[in-house]
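Subject: Model handover

Hello,

My notes follow below it.

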Amino acid sequence: MTVGRSTSPTHVIGAQAEQLAQQYLLAQGFAWVASNVHCVWGEIDLLMCRDNLLVFVEVKARRRSGFGSAAASVTLAKQRKLSRTAAWFLAESPQWASHDCRFDVITVDLSSQPAHLEWIESAFLLAE
């Protein structure tokens, strides 16, 4: 039997991490805009806003720490995909055009209880 994306262990862990990250940012005064925004260029896990700031959030989860940091997995290639997806989103959603934008990364360590989150604000600039 083929395991669908929505029930695969990796997807379940990712969805759990995204939910924790969203709850964390809501507690920091952000409002939820969208989740799992995707286009041909890639996917953005969370879009959150506060005042005139729109934040594109990449959420990285780890169940074990032996494979390097979650933040280190946001490579230059991944940054380019996120940048292109963000540009597409802004072109498709002109109501956000006047907002300042930034890219954040939230890492979620699920090996600890409760899960440990690290929020990296302005994690990278627009990748060309």
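Which residues make a nonpolar surface patch of about 340 Å²? Val40, Trp41 and Trp88 do. Patch residues have over 30% relative accessible area and no salt bridge; nonpolar side chains (Val, Leu, Ile, Met, Phe, Trp, Tyr) are joined within 5 Å, like charges within 9 Å. A salt bridge is a Lys or Arg side-chain nitrogen within 4 Å of an Asp or Glu carboxyl oxygen. Areas are Shrake-Rupley values with a 1.4 Å probe, and for residues only the protein chains shown count as cover.

Before the rest, the ground rules. This is a predicted model: local features need pLDDT of at least 70, side-chain atom pairs count only at pLDDT 80 or more, and totals for chains, interfaces and linings use all residues. Residues are numbered from 1 along each chain as its sequence is written, and side-chain values use heavy atoms, with hydrogens and water left out.

Val40 sits in the loop between strand S1 (31–39) and strand S2 (42–50). Val40 counts as exposed because its relative accessibility is 75% (exposed is over 50%, buried under 20%, partly exposed in between; 1.4 Å probe, protein chains only).

Now the fold. The protein has 2 helices and 5 strands (DSSP runs numbered from the N terminus: H or I of at least four residues, E of at least two). From the N terminus, the order is α-β-β-β-α-β-β.

The strands form an open sheet, S1-S2-S3-S4-S5, with mixed pairing (pairing needs at least two DSSP bridges). S1 and strand S5 (116–124) are at the edges with a single partner strand each, so one side of each has no neighbour in the sheet. The twist averages 30 degrees from one strand to the next (axes are fitted to C-alpha atoms, for helices over the stretch in contact; angles run from 0 to 180 degrees between N-to-C directions).

S2 pairs with strand S3 (residues 53–62) in the antiparallel sense, over 5 bridges. Leu47 stands opposite Phe56 in S3. Helix H1 (residues 9–27) packs on the sheet and touches S1, S2, S3, strand S4 (100–109) and S5 (contact: heavy atoms within 4.5 Å). The direction of H1 makes about 15 degrees with that of S2. Helix H2 (residues 76–92) also packs on the sheet, at about 60 degrees to S2 by direction.

One more loop. Ser98 lies between H2 and S4 and is exposed, at 58% relative accessible area. The Ser98 and Asn52 C-alpha atoms are separated by 7.8 Å, 46 residues apart along the chain.

Overall, 38% of the 128 residues count as buried.

Best wishes
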